[in-house]
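Here are my notes for you on this protein. Keep the sequence and the structure open as you read.

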Amino acid sequence: MKYVRETLAVAQRILVELGRRRRSLIFWAIFPVLLLILNSLILQERLQLSLAEAYTQAAPSTLVGAALFFSGLGGSVATVVSEREQKTLKRLFLSPLSGVSYFLGICLAYGAIGLGQTVLVYAIALFYGASLGGNPLANLLIVLLSIAAYVGVGFVLGTQLARRTEDVNALIAAFGIPLMILGGTFLPTAFFPDSLAQLTQFNPIYHMIEALSGVVVEGSTLAEVGPHVRFLSLFAVAMVVAGWLSYRRMVQVERQL
């Protein structure tokens, strides 16, 4: 129960702080909405779909390929860097708060934001007549695995490569934008040449989009999108472990300073 209370307290502190600043939460709401609308209009025109079908096709890629990317990965990187710059970690060392609770609290906070974005994207798509089917639990599993993967990567980048707040945007641009494009966030992978299509198999964002699209758009079961879910599961577990180890290493370094 100690860890549960501490984890909830850390998550609440981060969410309250984000709520006071408001700007990040507003941008994380505006970005997926605008991208969903743009992607839907492009698909409607290029593939000659109805508006409802276009929103159905665009919702999964917009959600896991872009919305969760910027909140889960970008947000966790920014939090870790700002906590270090503001000397919050130094103060935590003097408190009885455990490192496990702090790590899980950040994961929980951005998981809550990601679920909020999921509701927002799906609500807008449904408003325009999209048909979003599939097993709700399968939907939730893929979304949670995607959030865990992004937050884990965010911890790795935030603790090992980012030293100042200015580094956050550079890291996201250097690592994230190419992966988003290659994963099919902005353009369906069916349009890719063979050389790029082969590279997508190693891109976790591609597997997130394919898994969620299969369940939501095509009504596939988890077994039918099994290869994508297995890749995503292994990647998410690996990134969470790597993020935890990176966090532990950062804590050791900070204690010595």
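1. First, a term. Contact here means heavy atoms within 4.5 Å. Please also keep in mind that this is a predicted model.

2. Start with the fold. The protein has 10 helices and 0 strands. Reading from the N terminus, the order of elements is α-α-α-α-α-α-α-α-α-α.

3. Next, the dimensions. The C-alpha trace spans about 60 × 40 × 35 Å along its principal axes.

4. Now the inside and the surface. Of the 257 residues, 46% count as buried. The protein exposes about 12,800 Å². Carbon and sulfur atoms supply 67% of that area.

5. A word on charge. There are 18 positive and 13 negative side chains. The centres of the two sets lie 16 Å apart.

6. Now look at one residue, Gln-117. Where does Gln-117 sit? Its place is in helix H5, which covers residues 99–127. Compare Gln-117 with Phe-103: the two are 14 residues apart in sequence. From C-alpha to C-alpha, they are 22 Å apart in space.

7. Is Gln-117 buried or exposed? The cut-off for buried is under 20% relative accessible area. Gln-117 has 5% relative accessibility, so Gln-117 counts as buried.

8. What does Gln-117 touch? Leave aside its neighbours within four places in sequence. Gln-117 is then in contact with Trp-28, Pro-32, Leu-63, Ala-67, Leu-68 and Ser-71. Two of these names come back in the next point.

9. Follow the side chain of Gln-117. It makes a polar contact with the side chain of Ser-71, at 2.7 Å. The side chain of Gln-117 also reaches the backbone oxygen of Trp-28, at 2.9 Å.

10. Finally, visit a loop. Ser-220 is found between helix H9 (204–216) and helix H10 (226–256). Not counting residues up to four places away in sequence, Ser-220 touches Gly-214, Val-215 and Val-225.

11. To check your reading, find both residues in the model. Gln-117 is a buried residue in helix H5.

How values were computed: Residues numbered from 1 in each chain as written. Predicted model: local features only at pLDDT ≥ 70, side-chain atom pairs only at ≥ 80, totals over all residues. Heavy atoms only, no water. Helix = DSSP H or I, 4+ residues; strand = E, 2+ residues; numbered from the N terminus. Buried < 20%, exposed > 50% of the residue type's maximum accessible area, 1.4 Å probe, protein only. Areas by Shrake-Rupley, 256 points an atom, 1.4 Å probe, with all protein chains shown as cover. Lys, Arg positive; Asp, Glu negative; His and termini not counted. Charge placed at Lys NZ, Arg CZ, Asp CG, Glu CD. Polar contact = N/O pair within 3.5 Å; in protein donor to acceptor, adjacent residues only side chain to side chain.
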